[in-house]
Amino acid sequence: LGSGRWDSLLSRTVRVRDELIMYNNDTLLPLIRAYRQYALNLTGRNPNGPIKLEGEEIPDLAAFLMRGGLTPYAQRITVFLSMTLAYLFGDLNQARQDALRNCKGWKKDISMHYALLMPFFRGLVWCRLFHRHGVSAYKRRARGELQILQGFIEVGLANRKMMALILEAEIQGTMNPKCPVWSVRGIFDRGIAMSTEQGFHFIATLGQELAGVYLASRRRDLAIRYIGRAIEGYKKLKVAAKERDLRVRFGDLLGDQMPNFSSTSLSLE
């Protein structure tokens with residue numbers, strides 16, 4: 001190589017090195033911390049409790065998100081993780097704030113995996129908020145998230161249809177009191193079965209939980225089985241915080257009854 005070409009190659013190498021260092025500092029390493037904190041929360045190893053994405057790895061979430069240099073991508077993923085924890089453990093105020101923030105620019109540089117998970121969980125947040133407050137805006141938002149999921153399915157992601165089914169069941173069960181119980185439950189069952197077949201066991205277990213919550217005031221006998229299967233599912237996944245959460249929330253419903261939860265379909269008869 002001539003001296004000019006060598007200098008050009010060396011300059012490019014230095015630039016790539018600097019870009020990799022910047023990526024590590026501003027995206028990769030912060031996301032590793034966020035994922036580690038998320039795992040600590042779900043597995044019940046955060047002494048501060050599972051609700052907030054703060055603890056050993058992220059002492060102060062607000063400061064973490066405001067730190068200089070943190071990329072928008074890392075911010076979006078971190079806010080999404082915070083939103084799912086708040087939703088899963090019932091902090092709807094935090095879930096609402098995070099969902100609204102997650103709506104902004106979420107499509108810019110997100111992988112297809114997150115492009116499906118984000119509207120799925122945002123839709124669940126809107127459903128829970130509608131159930132609590134009855135505000136029609138939440139209904140519109142939930143249906144909008146479902147349309148996003150259905151749009152992805154139509155363009156070739158049919159193997160992710162389980163998320164649309166579970167969100168559809170939650171929308172029907174929460175927002176359409178005239179929808180028959182057997183119909184809502186049937187949609188839940190299809191989503192749960194497809195999640196299990198595709199290996200999305202956390203989504204399947206969450207579907208069991210949501211179906212159980214829906215049935216708790218309608219078919220107590222079936223609710224016991226769905227909640228029980230959710231508890232067993234979280235236990236197998238080592239999501240100890242959710243297992244504990246369900247045992248506390250539904251202790252009166254379950255009592256001493258621990259039936260066989262392995263069946264994926266239960267008769268309404």
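The expected span of a helix is 1.5 Å times one less than its number of residues. The exercises below apply this and other rules to a predicted model.

**Exercise 1.** How many residues does H5 have, and what does its span from first to last C-alpha come to beside the expected value?

*Solution.* Begin with the count, which is 22 residues for H5. Next take the distance from the first C-alpha to the last, which reaches 32 Å and is close to the 32 Å expected at 1.5 Å a residue. Finally, look past the end of the helix, where H5 is followed by Gly-134, a residue with a positive phi near 70 degrees.

**Exercise 2.** Which residues touch the most other members of the largest nonpolar core, and which helix gives this core its largest share?

*Solution.* The largest nonpolar core holds 82 residues, and the members that touch the most others are Phe-120, Phe-121 and Phe-188. Helix H5, which runs over residues 112-133, supplies the largest share of this core with 13 residues. To see one of these contact sets in detail, take Phe-120: leaving aside residues up to four places away in sequence, Phe-120 touches Leu-149, Met-163, Ile-166, Leu-167, Ile-203 and Leu-206. As a general background, nonpolar side chains in soluble globular proteins tend to be buried together.

**Exercise 3.** Which residues of H8 are buried, and against which helices do they pack?

*Solution.* First check the helix itself: H8 covers residues 181-198, and its 18 residues should span 26 Å at 1.5 Å a residue, which agrees with the 26 Å between its end C-alpha atoms. The buried residues of H8 are Val-184, Arg-185, Ile-187, Phe-188, Asp-189, Gly-191, Ile-192 and Ser-195. These buried residues pack against helix H7 (161-175), helix H9 (201-215) and H10. After H8 comes Gly-199, with a positive phi near 85 degrees.

Key
Residues numbered from 1 in each chain as written. Predicted model: local features only at pLDDT ≥ 70, side-chain atom pairs only at ≥ 80, totals over all residues. Heavy atoms only, no water. Core = buried A, V, L, I, M, F, W, Y, C linked by side-chain atoms within 4.5 Å. Buried < 20%, exposed > 50% of the residue type's maximum accessible area, 1.4 Å probe, protein only. Helix = DSSP H or I, 4+ residues; strand = E, 2+ residues; numbered from the N terminus. Contact = heavy atoms within 4.5 Å.
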